[in-house]
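Here is a guided walk through one chain, written to be read with the viewer open. Please keep the sequence at hand as well.

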Amino acid sequence: MTDATIEVAGLRKRYGSTTALDGMTFTAVPGRVTGFVGPNGAGKSTTMRIILGLHAADAGHALVGGRAYRSLRCPMRHLGALLDASALHPARTGRNHLLWLAQSQGLDGRRVDEVLEHVGLASAGRRPAGGYSLGMRQRLGLAAALLADPPAIMLDEPFNGMDPEGIVWLRGFLRDLAGQRRAVLVSSHLMSELQGMADHVVVVGRGRVIADTSVAELIAAASGDRVRVRTSAPQPAAAALAAAGAQVTRTGADELHVRKLATERVVAVLTAGGLPFSELAPHRATLEEAYLELTRDAVEYRAAASGAAR
Ligand SMILES: Nc1ncnc2c1ncn2[C@@H]1O[C@H](COP(=O)(O)OP(=O)(O)OP(=O)(O)O)[C@@H](O)[C@H]1O
């Protein structure tokens with residue numbers, strides 16, 4: 001298996017008056033799970049359809065291992081994709097679905113039972129796929145994506161319809177694929193699904209990249225200079241901290257969230273004012289919080305920009 005990077009550069013796409021992609025640019029490299037995250041309508045599916053050559057971009061390019069997907073002789077050997085888990089013939093068994101796929105792509109049918117086993121569908125494989133739950137369809141779609149043992153995998157919302165056990169399983173599964181040096185690109189509109197699994201996240205909104213960073217950096221940036229204070233005098237404490245330049249939010253009867261002031265300064269201000277506190281802890285953001293903060297800033301920026309244009 002040779003390495004294959006998924007590369008998207010300057011993609012633009014309009015559907016009538018809707019701008020779906022507005023310069024989308026990022027790469028998903030081998031050995032890494034790249035989360036592709038953004039709210040509904042951000043352009044994730046459109047990007048993935050363009051990578052697969054199902055839609056044409058108005059500008060920019062998408063490459064897999066340096067080549068356009070449509071120019072590849074056996075594309076499933078280069079990139080395995082799951083876009084729509086429901087694209088199945090309901091009367092066909094899961095196993096026959098894969099056999100049909102293998103045959104149509106000139107692949108070895110002997111791999112079918114191997115991938116069914118791999119995704120946990122060994123026993124369900126002989127049942128009609130029409131009776132599968134959405135989670136089982138996602139697993140079958142994963143098996144199809146892996147059929148040709150490709151170096152790159154791309155999955156659109158694979159956690160949809162999975163129960164908690166399935167989610168834990170899928171996380172481990174995707175990490176293993178990255179551990180085998182595959183490039184793994186996974187879209188989601190829920191950052192929480194990617195926690196503990198993605199190495200890198202590309203956060204998108206309205207057709208463009210808002211952040212392209214490691215998960216560790218994203219959390220560190222969102223956690224920066226945030227302190228949780230427990231105090232029996234929340235009002236005067238909040239006033240003193242605000243006067244020192246902090247942004248203070250009351251988060252409970254005796255709890256404040258303090259931003260934009262280093263922990264040592266918070267201690268100094270409270271002590272100088274003779275204000276009691278029983279707990280003071282630097283806040284570590286969750287991936288979800290980091291995401292909400294990023295997308296909120298983007299919305300504010302856009303509102304200000306459109307207001308200024310008028
Ligand atoms: N075939 C199409 N015709 C018209 N508009 C489209 C089409 N496909 C996508 N769009 C529009 O382009 C924008 C991006 O949609 P896209 O499906 O790529 O977003 P997404 O990030 O995948 O969202 P979701 O999480 O809801 O799937 C949306 O405004 C959508 O309505």
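In what sense do strand β10 (residues 226–230) and strand β12 (residues 255–259) pair, and over how many bridges? They pair in the antiparallel sense, over 5 bridges. Two strands count as paired if DSSP finds at least two bridges between them.

## Ground rules

Please note that this is a predicted model, in which local features need pLDDT of at least 70 and side-chain atom pairs count only at pLDDT 80 or more, while totals for chains, interfaces and linings use all residues. Residues are numbered from 1 along each chain as its sequence is written.

Helices (H or I, at least four residues) and strands (E, at least two) are DSSP runs, numbered from the N terminus.

## The chain as a whole

The secondary structure comes to 9 helices and 13 strands. Along its principal axes, the C-alpha trace spans about 75 × 50 × 35 Å.

Of the 310 residues in the chain, 39% are buried. Here a residue is buried if 20 or more other C-beta atoms lie within 10 Å of its own, exposed if 12 or fewer, and partly exposed in between, with C-beta atoms placed from the backbone. Among contacts between residues at least 6 apart in sequence, 69% join residues at least 24 apart. A contact requires the C-beta atoms of two residues, placed from the backbone, to lie within 7 Å.

## The open sheet and its helices

An open sheet is built from 6 strands in the order β5-β6-β7-β3-β8-β9, with mixed pairing. Its edge strands are β5 (79–82) and β9 (208–214), each pairing on one side only. From one strand to the next, the twist averages 15°. Axes are lines fitted to C-alpha atoms, for helices over the stretch in contact, and angles run from 0 to 180 degrees between N-to-C directions.

Inside this sheet, strand β3 (residues 32–37) and strand β7 (residues 183–188) pair in the parallel sense over 6 bridges. Arg32 has Ala183 of β7 as its bridge partner. Helix α1 (residues 44–51) packs on the sheet and touches β3, β6 (152–156), β7 and β8 (200–205), its direction making about 145° with that of β6. Helix α6 (residues 215–223) also packs on the sheet, touching β8 and β9, and its direction makes about 100° with that of β9.

## Around the ligand

Which residues surround the ligand? They are Tyr15, Thr18, Ala20, Gly38, Asn40, Gly41, Ala42, Gly43, Lys44, Ser45, Thr46 and His189; a residue is near a molecule if its C-beta atom, placed from the backbone, lies within 6 Å of it. The elements giving two or more residues to this shell are β2 (18–28) and α1. The largest share, 3 residues, comes from α1.

By class, the shell has 3 nonpolar, 8 polar and 1 charged residues. In this scheme Ala, Val, Leu, Ile, Met, Phe, Trp, Tyr, Cys and Pro count as nonpolar, Asp, Glu, Lys and Arg as charged, and the others, Gly among them, as polar.

Strands β1 and β2 run antiparallel and are joined by 8 bridges, with Thr19 of β2 as the bridge partner of Arg14. Their hairpin has 2 residues between the strands, and Gly16 there takes a positive phi near 60°. β1 also pairs with strand β4 (residues 59–64), in the antiparallel sense over 5 bridges, and Ile6 stands opposite Val64 in β4.

Ala9 lies in strand β1 (residues 6–15). Why does Ala9 count as partly exposed? Because it has 15 C-beta neighbours inside 10 Å. Ala9 and Gly23 are 14 residues apart in sequence and 7.3 Å apart in space, C-alpha to C-alpha. Not counting residues up to four places away in sequence, Ala9 touches Thr25, Gly60 and His61.

## Nonpolar cores

A nonpolar core is a set of buried Ala, Val, Leu, Ile, Met, Phe, Trp, Tyr and Cys residues joined through C-beta atoms within 7 Å. The largest has 72 residues, of which Ile51, Ala143, Leu147, Met154 and Val184 touch the most other members. Helix α4 (residues 134–146) gives the most to this core, with 7 residues. Apart from it lies another core, of 12 residues, including Ala246, Val248, Leu256 and Leu270.

Leaving aside neighbours within four places in sequence, Val184 is in contact with Val33, Thr34, Ile153, Leu174, Leu177 and Ala178.

## Back to β10
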